[in-house]
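Take a look at the fold below. Then read on for a short tour, from the sheet to the helices and the aromatic rings.

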Amino acid sequence: MPGNSQRKGAVRKRGKGVGSTGNTAGSGGRVKRGLEGKGPTPKAEDRPYHKAYRKRRPGESPISSDTPRGRRTVPGEQRVRQTSAKAPGADWIIGRNPVLEALQADLPVRRAYIMEGAERDSRITEILKLAAEKGVTLLRASRSELDRLTVGAVHQGVAFQMPEYEYAHPGDLLEEVLADSDAPIMVACDSITDPRNLGAIIRSAAAFGARGVIVPERRSAHMTAASWKTSAGAAARVPVALATNLNRVLRDYAEAGFVVVGLAGEGEVDIADIPGVEGPVLLVIGSEGEGLAQLVRKNCDVLASIPIASDVESLNASVAASIALYEVARARD
């Protein structure tokens with residue numbers, strides 16, 4: 001078609017392919033210069049045509065300082081931003097009821113947060129009252145800040161962060177208890193994974209005069225908010241030692257003169273008749289389901305049992321610890 005031939009001709013006249021020759025004038029470097037960069041793009045406040053330039057205060061330098069701009073905050077908010085956004089876990093108490101119970105139980109508090117504009121109810125009122133009575137400072141935080149600190153957990157406008165628990169060293173604890181008493185009682189936990197059980201064992205240890213509790217570093221419950229709460233304050237009086245190798249600790253205590261007594265359902269010795277009860281005693285508590293590990297059993301001087309009805313398979317670990325500690329204390333009277 002004529003239209004098509006004219007269009008092809010026009011296309012051919014606009015330039016030649018690679019290797020072609022002709023007298024067509026070059027660009028004179030204009031294209032090359034046009035492709036060269038013009039440097040970095042100026043900041044918005046440095047461009048006179050940009051609205052950010054017009055918003056600068058008179059006399060303000062167009063060079064931004066190192067201090068970030070933003071809304072000013074009250075001191076409490078500033079302190080919130082300076083804390084790390086650690087995921088909520090063992091050292092966080094979140095929600096109105098847990099926070100109120102933590103205050104009532106005198107749990108240690110590192111930082112306490114309350115959301116700005118939190119809806120007041122009886123629990124919030126009680127939290128504010130108890131916090132004032134116990135000298136706990138409440139830091140105000142916005143909802144977004146509290147969401148960030150608790151990583152989106154349902155905090156209900158309040159959250160407490162507990163201090164990191166300072167564990168004792170088993171060796172240091174051994175020296176201390178032997179220096180203070182000729183017949184100390186100690187408790188070791190093997191595979192106790194429920195922090196509430198650990199807290200209850202610590203509470204029983206305090207009730208019957210035990211001088212400390214030893215927990216393994218791995219596969220064991222550690223000191224958490226639940227442990228603190230269940231111990232009912234006893235965790236502040238009874239030290240907890242963290243053992244890298246529980247079996248090595250059992251051997252060290254045995255060499256120091258302790259009778260290592262493991263609680264086991266199949267134990268041939270009644271808990272009321274354990275030998276050497278007048279001297280240092282280390283009571284080893286196993287989990288309710290699995291009991292003592294095989295190697296732990298071998299490192300015990302004696303395996304003792306608590307007589308129970310035949311139709312009951314086992315006792316809760318913290319209950320068994322309480323009975324055993326009572327029997328040891330009673331045998332010394």
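## Sheet, helices and rings

Seven strands build an open sheet with parallel pairing, in the order S7-S6-S5-S10-S8-S11-S9. Its edge strands are S7 (240–243) and S9 (269–270), and each of them pairs on one side only. Keep in mind that this is a predicted model.

Look inside the sheet next. Strand S8 (residues 259–263) pairs with strand S10 (residues 281–286) in the parallel sense, over four bridges. Val-259 stands opposite Val-281 in S10. A helix covers this region: H13 (residues 317–331) lies across S5 (185–190), S8 and S10. H13 runs at about 160° to S10.

Now turn to Ser-204 in helix H9 (residues 195–207). Is Ser-204 buried or exposed? Its relative accessible area is 9%, so Ser-204 is buried, as the cut-off is under 20%. Which residues does Ser-204 contact, leaving aside its neighbours within four places in sequence? They are Ser-318, Ser-322 and Leu-325.

Helix H5 (residues 96–104) has buried residues too: Arg-96, Val-99, Leu-100, Ala-102 and Leu-103. They lie on the same side of H5, because they cover an arc of only 160° around the axis. An α-helix has 3.6 residues a turn, so residues three or four places apart point the same way. What covers the buried residues of H5? The cover includes strand S1 (92–94), helix H6 (122–134) and strand S4 (158–161). Just after H5, Asp-106 takes a positive phi of about 60°.

The whole structure holds five aromatic pairs. Two of them are set out here.

| Pair | Centre to centre | Angle between planes | Type |
|---|---|---|---|
| Trp-92 and Tyr-113 | 6.1 Å | 20° | stacked |
| Tyr-165 and Trp-228 | 6.0 Å | 65° | edge-to-face |

Both pairs link distant parts of the chain. Trp-92 sits in strand S1 and Tyr-113 in strand S2 (residues 111–115), 21 residues apart. Tyr-165 is in the loop between S4 and helix H8 (170–180), and Trp-228 is in helix H10 (residues 225–231), 63 residues apart.

Tyr-165 counts as buried at 16%, and Trp-228 is buried at 11%. Ring pairs also join Tyr-165, Tyr-167 and Trp-228 into a cluster.

Notes. Residues are numbered from 1 along each chain as its sequence is written. This is a predicted model: local features need pLDDT of at least 70, side-chain atom pairs count only at pLDDT 80 or more; totals for chains, interfaces and linings use all residues. Side-chain values use heavy atoms; hydrogens and water are left out. Helices (H or I, at least four residues) and strands (E, at least two) are DSSP runs, numbered from the N terminus. Buried means under 20% relative accessible area, exposed over 50%, partly exposed in between (1.4 Å probe, protein chains only). Contact means heavy atoms within 4.5 Å. The arc is that of the directions from the helix axis to the C-beta atoms. Two strands pair if DSSP finds at least two bridges between them. Axes are lines fitted to C-alpha atoms, for helices over the stretch in contact, and angles run from 0 to 180 degrees between N-to-C directions. Rings of Phe, Tyr and Trp (its six-membered ring) pair if their centres lie within 6.5 Å; planes under 30 degrees apart count as stacked, over 60 as edge-to-face and the rest as tilted.
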